[in-house]
Amino acid sequence: MLRDTLKKAEKARDKKALYGEDIDLERFIKEEAGEHEEVPRAREVPKKVQETLLKVGVDPEERERAGTFIQVDQSGICTTCASESIEIMGMNVALDRYSWLKDYMWKAVAVDTDKYTATTALREAEGEMGGYFIRSMPGSREVFPLQACMFIGDENVMQTAHNIIIAEENSELHIITGCATGEDVSSALHVGVSEFYLKKGAKITFTMVHNWAEQVEVRPRTGIMVGDDATYINNYILTSPVKSIQSYPTAYCTGENSRVVFQSILGGQKDSVLDVGSRVILEGRGSSAEIVSRAVSKDASQIYSRGHLAGRVPEVKGHLECHGLVLSDDSMIYAVPELEGSATELEMSHEAAVGKIAEEEVMYLTSRGLTEDEAASMIVRGFLSMDITGLPPELAAETKRMLDMSLKGM
């Protein structure tokens, strides 16, 4: 099996992605794992790093956290776990501990999807394994979230990670993951492959906040397998400038009565190119999906907001919603909603709207004493501050705090 995987990766090492600008991978440094020193607790990472972690929802003090994983460049530097109902560790450690874990690798995401997945697999074969393994035990309900951070601290580094997340039967798991770069980093590449497996009756909420530097390229690749009566909820927030990001996570609702929700908040600034979408394949009878995105473009940014719902069997439901605000003549939002039905008795719908700030709203706020810039900023923040559904009250409040922090620059 490993030999076949590597053969596929070799053939795909130069394969361009279907979407997004092609990247010359040779421009970046492939730093070896173990270059950075491990620390026993998150609070012992350097102060500058701690300040950046807080901006993406990762608490160095680990207050009300079930566990922590931090990767700096290609090195896993910190892993802690305060709960008996979950496991969290580096993928290299997990592969040594569990021989069966190989059966989950490259099943939700094909290794030959493109050059980015292929490069991740080839680096793994060379011993440069990055990423984390998370598993919730059968029947467990962990109240506090796990937190994970992918941090790039060195200039021009290529960071790769392969994450495997398994929610066993009737378990519930909440994850906050933040990705960021150090203040001294201007250029880098992040490739993160994430595979989720939700067993019968399981639930995962996955909240991701990105805060990259202006010249960083980002290429996540994500696949989610959702079993009978399982629920997957994904919240994604990106409002800081980045050179480019191209991401199109795909969830497969193979189980009966399975459910998936994708919610995205995108703020394009400067000359950022954001190509972000979500896709759900409804293959289980009674399965359902909702994709909601809010996007604001300003300066010379470009946003491609994609959404794809595919109903393959009867009695499935799906709704796709994409709303955008264009704040400058040099910026652009391109909304691509797709509905695909290949069975009878489907209920699928979509709505998409791209426009500008209403002048009467600005006039009302300026009449109340705000400047035009202050009024526009308040309207934008209100537009992007949609309710994040499906989270426990405490985690919902924390997610709103992270969103408010992210929107300060908008």
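Modeller: Happy to! Helix H2, residues 47-55, lies across E1, strand E5 (146-152), strand E7 (172-181) and strand E9 (203-211), and runs at about 125 degrees to E5. Please keep in mind that this is a predicted model.

Let's start with the helix itself. Val 49, Gln 50, Thr 52 and Leu 53 are the buried residues to look for in H2. Seen down the helix axis, the buried residues of H2 fall within an arc of 165 degrees, so they line one face of the helix. That buried set packs against E1, E5 and E7. Turn to the other side of H2 and you will find Lys 47 and Lys 48, which are exposed. After H2 comes Gly 57, with a positive phi near 85 degrees.

E1, E5, E7 and E9 are among the 10 strands of an open sheet, whose order is E2-E1-E5-E7-E9-E12-E15-E17-E19-E21 and whose pairing is mixed. Its edges are strand E2 (75-81) and strand E21 (347-355), each of which pairs on one side only. On average, neighbouring strands in this sheet are turned by 5 degrees against each other, with direction ignored.

At the E2 end, six bridges join E2 to strand E1 (residues 67-72), and the two pair in the antiparallel sense. If you want a specific pair to display, Phe 69 has Thr 79 in E2 as its bridge partner.

Further along the sheet order, another helix is worth a look. Helix H6 (residues 372-384) lies across strand E15 (259-268), strand E17 (288-297) and strand E19 (317-326), and its direction is about 165 degrees from that of E17.

The largest nonpolar core has 55 residues, and Ile 204, Tyr 232 and Val 280 touch the most other members. Beyond its neighbours within four places in sequence, Ile 204 is in contact with Ile 165, Ala 167, Leu 173, Phe 196, Leu 198, Thr 231, Tyr 232 and Ile 233. There is also a second, separate core, made up of 23 residues, including Met 89, Ala 94, Leu 95 and Tyr 104. In soluble globular proteins, nonpolar side chains tend to be buried together.

Strand E11 (residues 221-226) pairs with strand E14 (residues 250-253) in the parallel sense over four bridges, and Val 226 has Cys 253 in E14 as its bridge partner. E14 also runs parallel to strand E16 (residues 273-282), joined by four bridges. There, Cys 253 has Leu 282 in E16 as its bridge partner.

Methods
Residues are numbered from 1 along each chain as its sequence is written. This is a predicted model: local features need pLDDT of at least 70, side-chain atom pairs count only at pLDDT 80 or more; totals for chains, interfaces and linings use all residues. Side-chain values use heavy atoms; hydrogens and water are left out. A nonpolar core is a set of buried Ala, Val, Leu, Ile, Met, Phe, Trp, Tyr and Cys residues joined through side-chain atoms within 4.5 Å. Buried means under 20% relative accessible area, exposed over 50%, partly exposed in between (1.4 Å probe, protein chains only). Contact means heavy atoms within 4.5 Å. Two strands pair if DSSP finds at least two bridges between them. Axes are lines fitted to C-alpha atoms, for helices over the stretch in contact, and angles run from 0 to 180 degrees between N-to-C directions. The arc is that of the directions from the helix axis to the C-beta atoms.
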